Amino acid sequence: MSNKHCSSSRYLFLLPLITCLAFPITFVISYGYSIANKNVNSTGDFPYISETGTKPPESCVFGQLLNIAAVISGLTIYVRYRQTHQAFKHLIPSSSKNNYRWNTAALVVGMCASLGVSMVGNFQMDNLLIAHYIGAGLAFVLGTVYSWMQVYLSYSLLVYMCSRAMFYFRIVCSFITTLFLIGTLVGAQLYQNNNKQVLSFRLLSTISEWIMALGLAVLFATFASEFKATKVEKPRISIIQEKLSSR
């Protein structure tokens, strides 16, 4: 490995930290923008995350920032997958095939969650509600599943790559995310069942959604310490001269 590659990989730990910050920054900007434009009620109510990016012009900012966050989170998920694969291969040669399957499954689930984030940003509630709900389901439900899958993988990597403290911290993050996912769904259902008259049920749902989203963002930040021990090489691209000469 050249010094140039080592130097570029030295900052790899910033990727999950940037991912963690991208989401709350997006939410705060769109929330502030929507309040400034009086598109959400800032007194006596608290909006869902999506409601802060429903109407233009904040919908444009909300969509663009969420697309960026989706790409960054996808990169983080892929690097985490490759890192875990290499750890099983070189640090734990006796690792079972089940661990590799879990890691691959976590990649698929995580990428689908990132796709959901992009869908939430691109399909606003007032424009295409069904697509928006599908995106939200992918982002939050599969995001929570991904969180627990990382708990399992962290347990498999105990001592070799993951510290016991970090393992327990990821359990806490996953538990909080799951708890507030339930709070989001239950609060929304109770609010609907009471003809949208009981504001406390809506507040239970909206506040739970914000906490759940922040919990998922924090999970990415936990990868930073392990990314410090990871190197990334540039992809090799070759030209097949025989293909060119045959033209």
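**Reading the labels**

Me: Why is valine 159 called exposed in this predicted model?

Reply: Valine 159 has a relative accessible area of 74%. Exposed means over 50%. The value passes that cut-off, so valine 159 counts as exposed.

Me: Where is valine 159, and what makes its phi stand out?

Reply: Valine 159 lies in the loop between α5 and α6. Its phi is near 80 degrees, a positive value in a residue other than glycine. Most residues other than glycine have a negative phi.

Me: How do you know whether lysine 38 is buried or exposed?

Reply: Its relative accessible area is 74%. The cut-off for exposed is over 50%, so lysine 38 is exposed. Lysine 38 sits in the loop between α2 and α3. Its phi is positive too, about 60 degrees, although lysine 38 is not a glycine.

Me: How do you know that the span of α5 is close to the expected one?

Reply: Helix α5 (residues 129-156) has 28 residues. At 1.5 Å a residue, 40 Å is expected, and the helix reaches 40 Å from its first C-alpha to its last. Even so, α5 bends by about 25 degrees at glycine 143.

Me: What makes a set of residues a nonpolar core, and how many residues has the largest one?

Reply: Its members are buried nonpolar residues joined through side-chain atoms within 4.5 Å. The largest such core has 25 residues. Leu15, Tyr146, Leu157 and Phe227 have the most contacts inside it. Elements giving two or more residues are α3, α4 (97-122), α5, α6 (164-193) and α7 (199-221). Helix α3 gives the largest share, six residues.

Me: Which residues does leucine 15 contact?

Reply: Contact means heavy atoms within 4.5 Å. Leaving aside neighbours within four places in sequence, leucine 15 is in contact with Ile72, Leu75, Thr76, Val79 and Phe227. A second, separate core of 22 residues includes Ile49, Leu66, Trp210 and Leu216.

Technical notes. Residues are numbered from 1 along each chain as its sequence is written. This is a predicted model: local features need pLDDT of at least 70, side-chain atom pairs count only at pLDDT 80 or more; totals for chains, interfaces and linings use all residues. Side-chain values use heavy atoms; hydrogens and water are left out. Helices (H or I, at least four residues) and strands (E, at least two) are DSSP runs, numbered from the N terminus. The expected span of a helix is 1.5 Å times one less than its number of residues. The bend at a residue is the angle between axes fitted to the seven residues ending there and the seven starting there. Buried means under 20% relative accessible area, exposed over 50%, partly exposed in between (1.4 Å probe, protein chains only).
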